[in-house]
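I opened the model to look up its surface, its fold order, one hairpin and the core. My notes follow in the order I took them.

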Amino acid sequence: MSAYKDISKFYSDDERRTASIIKEIGTNKYNVRVKNDAGSVFSAIFENEDDAEQYAEAWVSHSEHYFNTERNK
């Protein structure tokens with residue numbers, strides 16, 4: 001059984017899009033849980049906190065630049 005630690009939370013200006021970063025202590029992986037405007041929830045796993053933070057910030061700000069870069073294709 002793994003333990004989890006809440007790292008940070010992000011909200012869009014209208015608070016309709018959210019992102020939460022949770023660290024899984026046993027694996028040292030970072031789970032970013034995001035909620036879109038319609039209320040659907042998705043998650044993405046990252047190896048380090050910096051990548052998780054960048055993804056979460058981009059998600060809530062609708063940053064097309066982040067999602068269209070070469071490293072994310």
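Accessible areas here come from the Shrake-Rupley method with a 1.4 Å probe. The model is a predicted one. With that probe I looked up the surface: the protein exposes about 5,100 Å², and carbon and sulfur atoms supply 45% of it. I then looked up burial, and buried residues make up 33% of the 73 residues.

Next, the fold order. I find 2 helices and 4 strands, and along the sequence they read β-β-β-β-α-α. For contacts with a separation of 6 or more, I noted that residues 24 or more positions apart account for 20%.

Then the hairpin. Strand E3 (residues 29-35) pairs with strand E4 (residues 41-46) in the antiparallel sense, over 6 bridges. Between E3 and E4 I find 5 residues. Gly 39 lies in that turn and has a positive phi of about 95 degrees.

Last, the core. Which residues have the most contacts inside the largest nonpolar core? I list Ala 19, Ile 21, Val 32, Phe 46 and Tyr 55, in a core of 13 residues. Strand E2 (18-24), E3, E4 and helix H1 (49-61) are the elements that give two or more residues to this core. H1 supplies the largest share, 5 residues.

I followed Ala 19 further. Leaving out residues up to four places away in sequence, Ala 19 touches Ser 8, Lys 9, Phe 10, Val 32, Arg 33, Val 34, Ala 56, Trp 59 and Val 60.

Notes. Residues are numbered from 1 along each chain as its sequence is written. This is a predicted model: local features need pLDDT of at least 70, side-chain atom pairs count only at pLDDT 80 or more; totals for chains, interfaces and linings use all residues. Side-chain values use heavy atoms; hydrogens and water are left out. Two strands pair if DSSP finds at least two bridges between them. Buried means under 20% relative accessible area, exposed over 50%, partly exposed in between (1.4 Å probe, protein chains only). Contact means heavy atoms within 4.5 Å. A nonpolar core is a set of buried Ala, Val, Leu, Ile, Met, Phe, Trp, Tyr and Cys residues joined through side-chain atoms within 4.5 Å.
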